Amino acid sequence: MITRWSQTLIPTLRQDPSEAEVPSHRLMLRSGLIRQLAAGLYTYLPLGWRSLHKAIEIIRQEMNAAGSVEMFMPALEPIELFAGTGRDVAYGDDLFTLTDRRGHRNALAPTHEEVITEALAASVESHRQLPLNLYQIQTKFRDEPRPRFGVLRSREFIMKDAYSFHVTVDGPGGLDATYERMYQAYCRIFDRCGLTYETVEAESGPIGGSASHEFMVICSTGEDTVYKSDKGNYAANVEKCEIGPRAWSFDPPDPPTESAGDLETVHTPDLPGIDLVAAFLKITPDRMLKTLVCSSDNGWILAVLRGDHDLNLGKLKTACESAVQLADEKAARDAGFAVGFVSPAVAKTITVARIVIDPDAAQSRDWVTGADRIDYHVRNFQWRRELGELLDGDTVRVADIRNAIDGDPSPRDDGGVLRAERGIEVGHVFKLGTKYSEAMGFTVLDENQKSRLVIMGCYGIGPGRILAAAIETNHDDDGIIWPAPIAPYTVHVVTIKLDEAGSKALDTLLANLDAAGIDVLVDDRPERPGPKFKDADLIGCPIRLTIGAKSLAENAVEFKLRCAARESAELIKLDAVADRCLEVAGGGR
RNA sequence: CGGGCUGUAGCGCAGCUUGGUUAGCGCGCCUGACUGGGGGUCAGGAGGUCGGAGGUUCGAAUCCUCUCAGCCCGACCA
């Protein structure tokens, strides 16, 4: 495929657009890959569309090779489908909805579990039709509260989403086997795209389910935080990351190492937030206890953390073995909680179902915490002295309920230390279980004529994120340095002041490259060399060929890799160029 | 949704505090000439509802009110 610059649209920008912060966003705009229409909405211009297609084609090939079958579902779906699984509520404002002329409410699909489950439920009745693994490459819509970083978090984006259906979890044809196949296929896809990535354990979020891995491209601008043990045997995202065992005790050591001061109430008005209170009292937040009021079906739940730690709601749910949410502030206030000044001791006056204390908060020392009275805190709070026997009852439980932070012990309990890194999530695989089949009544008859809920998995990849992540991790001051497989073109030919004979030589060169199956962009603009080289560097195709009087005098072109230094440019005879390009770029298309 | 910032030519910005010629600058763009290996030089030129609406005023890019949009931080988030 030969494309002449003069015949396509590559609106490169000389200056950085002011709205772009991260390198990938900046460079995608500057190199004419994309253009913004509105917040979170991007046009893929010809160059960007080509790269996206290359990533998509790799995905398609590997999905097909792994036994998944392509199909295509509508982006628009009746809202009732969502209501069935309660996800209209779970997705909330993130769901784009619209009303059609008949007054029916519809949603622009943020994902397609419901649609495909509906489709399969209608046509699959026997276990003998399973397992099935189907995928599509479709546009998704999410009304993100804050679109940003270009195509990394946009409101409309292309996604490859696959869904698998099984009668069993184990054994041949089971969910686990397909999950593993998909996992391996994903590794091949990201390898082929030239990405450096890691897999981390993940929570499955509103999609629900039992196990999940994210494929992350580690880079400082990534939106997600992941933790890796420095022993290299554990990696998880922040929602999932467990923390290794930590010693705890409510009782002062014997003999006491710290003198127990009396409980002392201090007036702390107009100090919203732990940090301000800590600063006012001239202590650090890790000397404070924070008590979060949560609600559950069984009643109030207090979550107690060290002041500098953050609650992990998922962990709290696990610890409570029930649904838990942060309490509605007004409801908590009405119940008598001095919101913002709550201490664990409030359990002595207000009945709570459970107090869950993080091990780092269950330490026998003098704490600063709320006084259960608006505008007051207490100093020298001691668990045993303040709560007494309440600590020994069923109400109190000590459990890991906070987000990990850098330096925490690894859950492998092998002396490893968790280190925080940032990453871009380019793919995600889930074991869904029966959440959707249950909600939508998707059952099949097994060999014993017994009705069985279908077990599902789902597997997503964001091709746009592949491009952005590739750029994020492969660029320099001059522009993008594409991994060859997803470069818009493998070869970028720069022409310099060609006379008639030169033009002929160019035509021959292009014909040779084309015959070899190499994608070529020819910068045939009547520009001076400077701007052409700058644009070539900006766009970042792996191989640059320069053809001009200088090289043609040697019956050659100048050959230079984008990733190599300028001085590495060398002259290659015209008839040897195609082979050299194939050799370097790994076989063209 | 809370906090902050910004909307003036395709891109980047000045002008606004203190209202007053025809709204400027750089880059890009068009024409021509000279050039020709890392954004060259010269000459000439095109391009603007100053985000929108309302108001104050003899007069508004500039002051006031409302509104829309975009960006950043946070909350949120497969």
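Val491 stands opposite Val520 in strand S29. Strands here are DSSP runs of E with at least two residues, and helices are runs of H or I with at least four, both numbered from the N terminus. The model is predicted, and local features need pLDDT of at least 70, side-chain atom pairs count only at pLDDT 80 or more, and totals for chains, interfaces and linings use all residues. Residues are numbered from 1 along each chain as its sequence is written, chains are lettered from A and ligands numbered from 1 in the order in which they are written, and side-chain values use heavy atoms, with hydrogens and water left out.

In strand S28 (residues 491-496), 5 of the 6 residues are buried; buried means under 20% relative accessible area, exposed over 50%, and partly exposed in between, with a 1.4 Å probe and protein chains only. Strands of a sheet pair through backbone hydrogen bonds, either parallel or antiparallel. Two strands count as paired if DSSP finds at least two bridges between them. The pairings of S28 are listed below.

| Partner of S28 | Sense | Bridges |
|---|---|---|
| S29 (residues 520-523) | parallel | 4 bridges |
| S30 (residues 543-548) | parallel | 6 bridges |

Val491 also stands opposite Ile543 in S30, and Val493 faces Val522 in S29.

**A pair of helices**

The axes of helix H2 (residues 46-65) and helix H6 (residues 175-192) come within 9 Å and cross at roughly 150 degrees. Axes are lines fitted to C-alpha atoms, for helices over the stretch in contact, and angles run from 0 to 180 degrees between N-to-C directions. H2 and H6 are therefore roughly antiparallel to each other, a term for angles over 145 degrees.

**The whole chain**

Chain A has 16 helices and 32 strands. Of its 589 residues, 51% count as buried. The C-alpha trace of chain A spans about 95 × 65 × 55 Å along its principal axes. Chain A is divided into domain 1 (23-241 + 420-471), domain 2 (264-398) and domain 3 (489-585), with bounds from an automatic or database domain assignment. The centres of domain 1 and domain 2, taken over C-alpha atoms, are 38 Å apart.

Key
Angles under 35 degrees count as roughly parallel, over 145 as roughly antiparallel, 65 to 115 as roughly perpendicular and the rest as oblique.
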